[in-house]
Amino acid sequence: MKSLIDMTPYELGETEAAEAIPYLIQYLNKGNGNEKRLAASAIRKLSEKHKEQCNEAVPYLLKNLQHMGPQVTQYSLKALLKLDIPEQSMNIIERIKNNDIKEYNRAIAKEILSNYNKEENCVNQQVNADESRSNENMEILNTIKIKDIYKEKRYAALLEKCDEMGIAYMKDLGKVNINKIYNDFSTKKSIMLKYYMLVNNLQYLKYCKDIDDNLLNNILQERREQLSKNFKNPLGDMDSDYVMKLFRGEILISNSLCKIYKEYGEKFIILLNEIAEKEALEKQWAAMLKMRYSINEKFYTLAFISGEYNIPREQVELSINKLLSRIGRKIHSSLKRADYNNDILNIYFYLYETLSFYDKKDFIERTVLFVKYGFPDTHAKLIIHVIVLILYGRNVEWKAESIYASYNKHINSLQSIAEQKELYNKINSSIVWPLKVKNLHSTDYTNINTLSFVEEALRSKGFSYYSHKLNKEVFYKGLLQKDYLLLLEKCDEVIFYVNYPFKVKMKESIMLVDIFFVLNNGKGVIMVLPPDELNIKRRDDEKIHVIKQLCKEKGLGLWIV
C-alpha cells in the first residue's frame, strides 16, 4: 500500500483518514491547477468526518479562489461550503458572487453567503431571547420568596451569604434544586450563585447526582477560562491577521517580539522540568528529560544521553516518552476531575493562552511561530511533540505532523524571502538610472517579443527552458544569457522580460538589444551582455554608447554586465 506522501489528491481523499489532510493542504498550497482542484474536492469529502481538521485548509482554499482556473475556484467554493469561513473573509465570497465570470461559481458563493446569514440571524435571535429572559429572572429574583425547603429566605439574601453557613445550606438543597436555581435565576452578569458554583464548591458539584451534564460542563469551562487568565500574555493577545502575516513572511518579525518569544520559550521549558521532577517515577527520567529539552543552544542527542547514563539509546527514548505521556495523562485527568488547584495544570494553561488554544483557527500558525522563535531550530520537532501531548493529552501524530509541515513551510518562506531580497538587491544595485525615468503601462510591453528572425535561429540551436512567469518557452543564445534570464525569472520584482526585442542602428551596422525587462514599479531596463561569453571582460564600447543614448531618450535603466 502506498504511503500518504506518495498519494495523489484523489487517492488521499479516498482514504477517508484525517492523517491525509496535511498532505492535501500541501497540494492546495503548492500543487498545479488540477492538483488544487482535486485536493479541494478531497477536503470537501473528508469534512463529513473530520470537519475540525479540514478547517485548517480554509486559508489555502480562500487563497485558491484567486486562481485563474474557474474549476479550481468552483471546487474551492464547494469545499468552503462545508467548512467554517472567518467573518473577515466573507467579503472575498461576496466579490465572487458579484463579479465571477462563471455563473456556477456565483451560485455557490451565493449559497455560502445565504448559509452564513442564516446562522448569524439564529445567533442574534438567541442573544435577544437570553437578554429578555435575563431581565425577567432578575425581577423574579427580587420578588419571589423561597418556600418549603428554602425556609422563606429570599434568593438574593441566600446568594449574598457565601459564608460557611450559606455553603452548608446550599449543600442541603443542592441535589434536588441546583439545576433549577442555576437555570432559572442566573444572569449574564454572574450573580453570586454562579460565583459560588465556580469558586467555592466545584468538587461538590461534580458529584451532584441530578446536575445536568451540559450545565456542569458550562460551569467548569467558565472556571477553566477564569484560571487561564492568570497566564494571559502578549503572544496570545496578538491579532490573528498579524499572526498570519508573520507566518507567511509578509512582515518581518521585530527584535523585541523575538525577545518575547525567547522569554516565553524559556519559561515553558522551566515549567516542563518542574513538573517532570514531581511526576517522574525515577529521578533519572527527569534528569534525562532536562538534558533532552534544554533551553541552551546545545542539543543533546539520545546517543549522547545514552553514553552519559550508560544505558541503551532505546531505553533513554522510552523513559522520556513515558514521562511525557504520564504528564499528559495527569494534566487531562486533572482537567476532567475539575481539579483546578493542581499545579500540573500551570503548563496547560500557559500553552492554552500563549497559543490561543481556545480559538483554534490560527493555532497551528501561532505554534509554528512559538517554536521557531522561542527555541533553537534543532529542538523544533521535540517541542512540537510535547506541545501536542500537553494540549491533547496523547500523542496525536497527524496533528504533530501537520504543525511540523507548517513549520517547514514557514522556514521555506523565510528562505525564499531572503533569496528574493538578495536577488532584488543584486539587480537594483547593478542598474544605472537616467535623470528622467519613464513608468511603463502593461500595454507598453506585454506585446513585445523576441524578433522573429532571431527566434528562428535560436530555435534551431534548441537551447530553451519553460518560463512560468511568461507562460511560454524561452530560447537563449548561450549559458551566460541563460543565467541572467533565469535570474529575472526567479526575481518576484521582475514582472516581464524578453531577449533580443529591438534592433538599434549603429554607424555601419545594426545591433540587437540583449535583454529588456520591467520591474513591478513599472520601470523598464535594458541589459547589455558581453559580446563574447568566453571573454566576459571584453566590451563593445560603441554598442554601450548607443544603448546609453537610447536609455536616456526613452527613460529606461541600463545594466551593463
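Predicted model: local features only at pLDDT ≥ 70, side-chain atom pairs only at ≥ 80, totals over all residues.
Residues are numbered from 1 along each chain as its sequence is written, and side-chain values use heavy atoms, with hydrogens and water left out.

**Exercise 1.** Find how many helices and strands the chain has, and what share of its residues is buried.

*Solution.* Start with the secondary structure: there are 26 helices and eight strands. Helices (H or I, at least four residues) and strands (E, at least two) are DSSP runs, numbered from the N terminus. Next, burial: 47% of the 561 residues count as buried, meaning under 20% relative accessible area with a 1.4 Å probe, protein chains only.

**Exercise 2.** Work out how helix 2 and helix 3 pack, and which residues make the contact.

*Solution.* First, locate them: helix 2 covers residues 21–30 and helix 3 covers residues 33–46. Their axes lie 8 Å apart, at an angle of about 145°; axes are lines fitted to C-alpha atoms, for helices over the stretch in contact, and angles run from 0 to 180 degrees between N-to-C directions. Now look for contacts (heavy atoms within 4.5 Å). Helix 2 brings Ile 21, Leu 24, Tyr 27, Leu 28 and Asn 29, while helix 3 brings Glu 35, Lys 36, Ala 39, Ala 40, Ala 42, Ile 43 and Leu 46.

**Exercise 3.** Sort two aromatic pairs by geometry: Tyr 348 with Phe 349, and Tyr 445 with Phe 496.

*Solution.* The rule comes first: rings of Phe, Tyr and Trp (its six-membered ring) pair if their centres lie within 6.5 Å, and planes under 30 degrees apart count as stacked, over 60 as edge-to-face and the rest as tilted. The structure holds 19 such pairs. For Tyr 348 and Phe 349, the centres are 5.4 Å apart and the planes are at 75°, so this pair is edge-to-face. Both Tyr 348 and Phe 349 are buried. For Tyr 445 and Phe 496, the centres are 5.3 Å apart and the planes are at 40°, so that pair is tilted. Tyr 445 is in helix 23 (residues 442–445) and Phe 496 in strand 3 (residues 494–499), 51 residues apart. Tyr 445 is buried at 8% relative accessibility, and Phe 496 is buried at 9%.

**Exercise 4.** Which ring does the charged end of Lys 78 sit over?

*Solution.* Check the rule: NZ of Lys or CZ of Arg must be within 6 Å of the ring centre and within 35 degrees of the ring normal. The ring is that of Tyr 75, with the charged end of Lys 78 at 5.2 Å from its centre.

Terms used
Buried < 20%, exposed > 50% of the residue type's maximum accessible area, 1.4 Å probe, protein only.
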